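Subject: Structure handover

Hi,

Here is the structure for you to look through. My notes follow below it.

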Amino acid sequence: MVGYVLRRLLYMVITLWVIASLTFFLMHMIPGDPFTTSKILDPVILQNIKAKYGLDQPLPVQYLDYLSNLIHGDLGVSYKYQGRTVNEIIATTFGPSFTIGFEAIAFAVVVGLALGIVAAVQRDTVTDRVAMVIAVLGISVPNFVIAALLQYFIGFRWQWLPISGWGGIAYTVLPALALAASPMAQIARMMRASMIEVTGQEYIKTARAKGLSMPAVVWRHMIRNAILPVVTILGPMIAAVVTGVMVVEQIFNVPGMGQYFVTSVEDDDYTMIMGVTLFFAALLVFLLFLVDVAYSWIDPRIRVGRREA
Amino acid sequence: MFVKRFRSALMGVGSAAILAGLLAGCGGGSTTNNTPSGNAPSGTQTQQAAHLPVSAKAGVLRFGIQTDPPQLDPQKSTDLVSFNVINAVMEGLMRVGPDGKPTYGIADKYEISSDGLTYTFHLRDAKWSDGKAITADDFKYAWTRALDPKTASDYAYQLYYIKNGQAFNEGKAKATDLGIQVKDPHTLVVTLEAPTPYFLGLMAFGTYMPAREDIVSKYGDQYFSAPDKAVYDGPFTLTEWQHNAKLVMKKNPSYWNASKVKLDEIDMPIIADTSTEVQEYLSGQLDALDQIPAENISQFQGSPDMVTTPTAATYYLALNVQDPVLKDVHIRKALAMAIDRQQLISGIIKTALPATALVPPGMPGSSPDKSFREEYGDRQYAINDNGKQVLGYFPVFDATQAKQELQKGMQDLGISNPSDVKVTLLYPNRPNAKPVSEAIQAMWQENLGISVNLQQDEWKVHLDTLSKRQQQVGYIDWYGDYNDPMTFIDMFVTNGGNNYTNWSNPQYDALVKDAKTTADTQKRMEDMGQAEKILMDEMPIIPEWYPQVPHAVRNYVKDLAWLTVGGDVDFTWASVQP
């Protein structure tokens with residue numbers, strides 16, 4: 001297990017290096033630079049600015065400089081928000097993004113599993129139908145539409161929760177709900193299908209024959225076996241939530257990282273593009289790793305290390 | 001794009017109903033809400049309150065903006081959003097008054113030498129927010145810093161008027177060579193390179209704000225990156241800055257004119273999503289919007305909340321005069337006259353005036369009561385802007401004349417079939433650029449019968465293409481830097497950095513040079529008027545429209561001063577009395 005983890009960590013570093021290099025050279029291939037504005041600068045002024053940020057160096061030199069700073073954990077200074085470091089911007093904006101993302105995933109998992117289980121246990125009843133209608137809506141209605149509906153009804157018409165902004169738990173609810181809808185629906189459908197499949201298995205009949213009550217069978221045997229496929233889709237789902245954060249943050253005006261991801265590319269803010277891309281990449285790679293570990297922990301039959309024997 | 005359109009349509013349903021109610025309550029929307037002391041009849045107010053909720057507090061202005069200020073350091077800042085904050089928390093030697101003319105700021109007296117080259121400013125007894133006195137050295141330090149190549153400020157060129165300013169910035173002179181002299185702590189003497197009649201107005205411009213050497217050296221590049229990393233000398237101080245969330249400013253008790261400042265606090269929530277911003281305004285969470293988002297203007301049209309102010313800008317098409325087709329002046333004129341500007345404005349832009357010249361209305365002319373646009377241009381092409389004449393050089397739209405010009409051009413070029421005249425219009429992914437370009441394509445095809453291609457590029461790619469002069473026709477705009485026609489006229493000198501047209505005219509260059517060196521205002525304006533006429537006769541650019549900025553302001557907000565250059569708004573005199 002330790003060897004496996006170490007090897008995975010090494011792969012993670014290589015993955016990040018490849019992403020960093022690709023991003024670095026791709027973004028420098030975009031015409032224009034951070035200081036291209038509609039007011040063309042005097043060449044001397046532009047030269048002063050480029051010299052200040054080391055952009056007058058040849059590209060390979062800039063690349064090596066960047067990598068060496070990166071190894072020391074220094075992501076550089078933003079060109080757009082001069083005077084602020086990328087490290088500082090990520091540090092201050094990660095909190096709101098993480099809060100919303102975490103709330104969304106927690107909500108999606110809890111409610112999604114509950115809906116799926118209830119639907120499967122009460123299969124072909126009204127409850128099942130209602131749960132599945134919710135699930136279909138969650139999958140087919142995009143998050144920005146859900147966001148607008150939530151803003152309009154809950155924020156504007158009924159004034160239960162703030163329309164947008166940041167400052168306290170009340171502000172996190174609507175963005176998290178908008179973000180959670182799609183993964184919640186997927187989990188519900190997956191869990192229902194998986195539960196129904198498990199219900200037909202011999203060991204469930206055995207458990208029932210032993211005289212176990214239905215709730216006990218569901219709890220001890222069915223859920224534990226049915227949940228595995230759900231854990232599998234959790235990885236890609238986290239990736240979807242991370243990208244969803246960017247849209248939802250903008251709509252609800254959450255001061256998170258998402259908008260920097262989009263605007264930094266438009267601004268050609270090199271250090272910011274690199275910093276945010278690498279941070280999101282690292283986060284994603286790490287979360288996928290956690291999912292794999294969780295996978296083996298839930299099902300002892302899957303011992304990741306065994307394959308190498 | 002789709003996301004935005006869909007959402008604004010969805011939001012529109014709710015907001016339109018609310019605004020309809022608002023309009024009904026205000027009797028057709030003809031009441032003005034922006035008169036300095038105009039109290040609305042109480043009946044109107046209660047009716048309106050029933051439709052638009054009010055949760056405002058007296059003395060607190062909640063002013064919505066759309067982006068986080070990228071850079072508040074006055075010597076480095078270049079954008080309108082940051083300038084709005086800088087104008088509130090800082091003050092230069094002068095300040096732009098509510099009437100748009102420079103009034104006294106930290107200076108309480110000045111003298112200008114008869115040759116227009118030496119300005120002597122006398123500073124009043126004013127204090128920084130930490131209690132220290134503001135001295136002439138604070139200005140000298142700030143200006144030297146802005147020009148220092150090590151500071152690498154984009155806007156260093158805003159100080160090139162100062163003697164040896166450009167030379168110092170280019171490393172060809174020393175800081176001690178600069179024409180900035182501190183005679184005593186209360187007297188600053190500035191020597192200029194050439195007579196600059198608008199120099200006084202520049203004293204209100206962000207780059208010219210003072211700075212304290214002890215504070216700047218303490219924080220270095222972090223200066224002004226947080227409320228506690230700066231000192232202030234303006235009517236307000238910055239007390240809170242949550243990036244991409246909000247800024248809070250409080251009244252500055254140390255400000256020399258604090259007794260005239262009526263606001264206690266300005267809250268500036270930063271709301272990037274335009275439909276969300278409009279929702280917040282309609283639900284009473286904001287008292288004013290810096291700018292009504294383009295896609296929401298039709299919702300506000302007719303509402304007394306909408307205030308439209310001119311801005312020093314012109315949108316135009318940059319033609320490449322070295323192009324095999326566009327090298328012909330008649331083709332260029334045909335393209336110019338075949339654009340139905342009124343239709344572009346009523347259908348897409350909403351708040352603008354049709355442009356048939358380079359310099360926008362509002363730029364001063366030879367006398368204080370006349371604007372440049374009232375004085376220069378052809379009277380037969382004048383349009384009326386609220387009783388003021390706006391002169392131009394060609395008809396706002398004339399399909400017949402456009403066809404005649406096209407025929408002449410085709411003869412010159414030896415083309416017999418209009419469809420063999422092929423033009424590609426390049427436009428960026430910015431608001432309105434796509435619908436405008438599509439409309440122009442349709443107008444050219446319909447009115448001239450030529451073939452028109454469209455190509456969209458990402459903004460920075462677009463700018464890159466234009467700066468390399470690789471376009472045939474390029475969509476672009478220009479926002480003036482200072483309150484003088486020169487900020488537009490000098491763009492089109494031979495090889496000017498922002499002259500994307502490859503156009504060059506020695507007579508034009510000579511007139512610009514003459515205007516930049518003479519101290520005689522009348523002569524300067526004549527020179528610029530003549531230069532503009534040459535430009536429009538040769539038509540390397542096709543003016544489209546002069547934008548006007550639509551703001552939303554609730555009727556209990558008084559005396560917000562909207563600016564044409566150097567920022568959008570000045571809060572100094574504003575009040576909130578719900």
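B:Asn386 sits in the loop between strand E15 (378-385) and strand E16 (388-392) of chain B. Helices (H or I, at least four residues) and strands (E, at least two) are DSSP runs, numbered from the N terminus. B:Asn386 is not a glycine, yet its phi is positive, about 50°. Most residues other than glycine have a negative phi. B:Asn386 is also exposed, with 7 other C-beta atoms within 10 Å. The cut-offs: 20 or more other C-beta atoms within 10 Å of a residue's own makes it buried, 12 or fewer makes it exposed, and in between it is partly exposed; C-beta atoms are placed from the backbone.

Before you go on, note that this is a predicted model: local features need pLDDT of at least 70, side-chain atom pairs count only at pLDDT 80 or more, and totals for chains, interfaces and linings use all residues. Residues are numbered from 1 along each chain as its sequence is written, while chains are lettered from A and ligands numbered from 1 in the order in which they are written.

B:Asn502 counts as partly exposed, with 17 C-beta neighbours inside 10 Å.

Now chain B as a whole. It has 18 helices and 24 strands. Its radius of gyration is 25 Å, close to the 25 Å that the globule rule gives for 578 residues, so chain B is as compact as a globular protein of that length. That radius is taken over C-alpha atoms, and the rule is 2.2 Å times the number of residues to the power 0.38. The C-alpha trace spans about 75 × 65 × 40 Å along its principal axes. Buried residues make up 51% of the 578.

Next, a sheet in chain B. Four strands form an open sheet in the order E4-E5-E7-E6, with antiparallel pairing. Two strands pair if DSSP finds at least two bridges between them. Strand E4 (107-112) and strand E6 (180-184) of chain B each have a single partner strand, so one side of each has no neighbour in the sheet. The twist averages 20° from one strand to the next. E6(B) pairs with strand E7 (residues 187-191) of chain B over 4 bridges. B:Val182 stands opposite B:Leu188 in E7(B). Helix H4 (residues 136-147) of chain B lies across strand E5 (118-123), E6 and E7 of chain B, at about 170° to E6(B). Axes are lines fitted to C-alpha atoms, for helices over the stretch in contact, and angles run from 0 to 180 degrees between N-to-C directions.

On to chain A. Its mean pLDDT (the predictor's confidence in each residue, from 0 to 100) is 86, and 96% of its residues reach 70 or more. Over residues 305-309 of chain A the pLDDT is below 50. Where pLDDT is low, the predicted coordinates should not be read in detail.

Last, the contact between the chains. It takes 35 residues from chain A and 40 residues from chain B. Two residues are in contact if their C-beta atoms, placed from the backbone, lie within 7 Å. Helix H2 (43-52) and helix H6 (143-157) of chain A are among the helices that each supply at least two residues of chain A's side.

Best wishes
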